[in-house]
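The following note concerns the packing of helices and the nonpolar cores. Please read the points alongside the sequence and the coordinates.

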Amino acid sequence: MLRKDKVPFLIYPESRLKSNWDVFMTFILIISCLTTPLLLAFTPTINSESEVVWFFTNIVIDVLFFIDICLTFNSAIYDEYFQIIEDRKMIAKVYFKGWFAIDTLAIVPFE
């Protein structure tokens, strides 16, 4: 059931958009975790055309992770008492204390 007092432009945990995005990003994360070791192990045997494809694929994945960071800053969260937090400053504070550093390191190109 939709609440009438929702904050504009804030994504709520129970929304279909958030659920679909999380499933999509899980799929992208699995692809990234499977392909990265393969590319590191077999890069010398890959021809230049496939290297270009993987280069642009990695850029797309990094962009998707960046979009995920932006969406996380705009997503309501639940606190330890299962109360919804809609204050953007509090959301950012919780995210900075938690996964922000790891998410940011995930999009840094180490090549």
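At what angle do helix 2 and helix 3 pack, and how far apart are their axes?

1. In this predicted model, helix 2 and helix 3 pack at an angle of about 130°, and their axes lie 9 Å apart. Helix 2 is therefore oblique to helix 3.

2. Helix 2 contributes I69, T72 and F73 to this contact, while helix 3 contributes R88, I91, A92, Y95 and F96. By class, the residues of the contact comprise 6 nonpolar, 1 polar and 1 charged.

3. Within helix 3 (residues 88-97), the residues I91, A92 and Y95 are buried. Viewed down the axis of helix 3, the buried residues fall within an arc of 95°, so they line one face of the helix. An α-helix has 3.6 residues a turn, so residues three or four places apart point the same way. The exposed residues K89 and K97 are carried on the face of helix 3 turned away from its buried side.

4. The packing partners of the buried residues of helix 3 are helix 2, strand 1 (77-78), strand 2 (84-85) and helix 4 (100-106).

5. The largest nonpolar core has 6 residues: W21, M25, I28, I61, L64 and F65. At least two residues of this core come from each of helix 1 (16-42) and helix 2 (48-73). Leaving aside residues up to four places away in sequence, I28 touches I61, L64 and F65.

Terms used: Residues numbered from 1 in each chain as written. Predicted model: local features only at pLDDT ≥ 70, side-chain atom pairs only at ≥ 80, totals over all residues. Heavy atoms only, no water. Core = buried A, V, L, I, M, F, W, Y, C linked by side-chain atoms within 4.5 Å. Buried < 20%, exposed > 50% of the residue type's maximum accessible area, 1.4 Å probe, protein only. Helix = DSSP H or I, 4+ residues; strand = E, 2+ residues; numbered from the N terminus. Contact = heavy atoms within 4.5 Å. Arc of directions from axis to C-beta. Axes fitted to C-alpha atoms, helices over the stretch in contact; angles between N-to-C directions. Parallel < 35°, antiparallel > 145°, perpendicular 65-115°, else oblique. Nonpolar A, V, L, I, M, F, W, Y, C, P; charged D, E, K, R; others polar.
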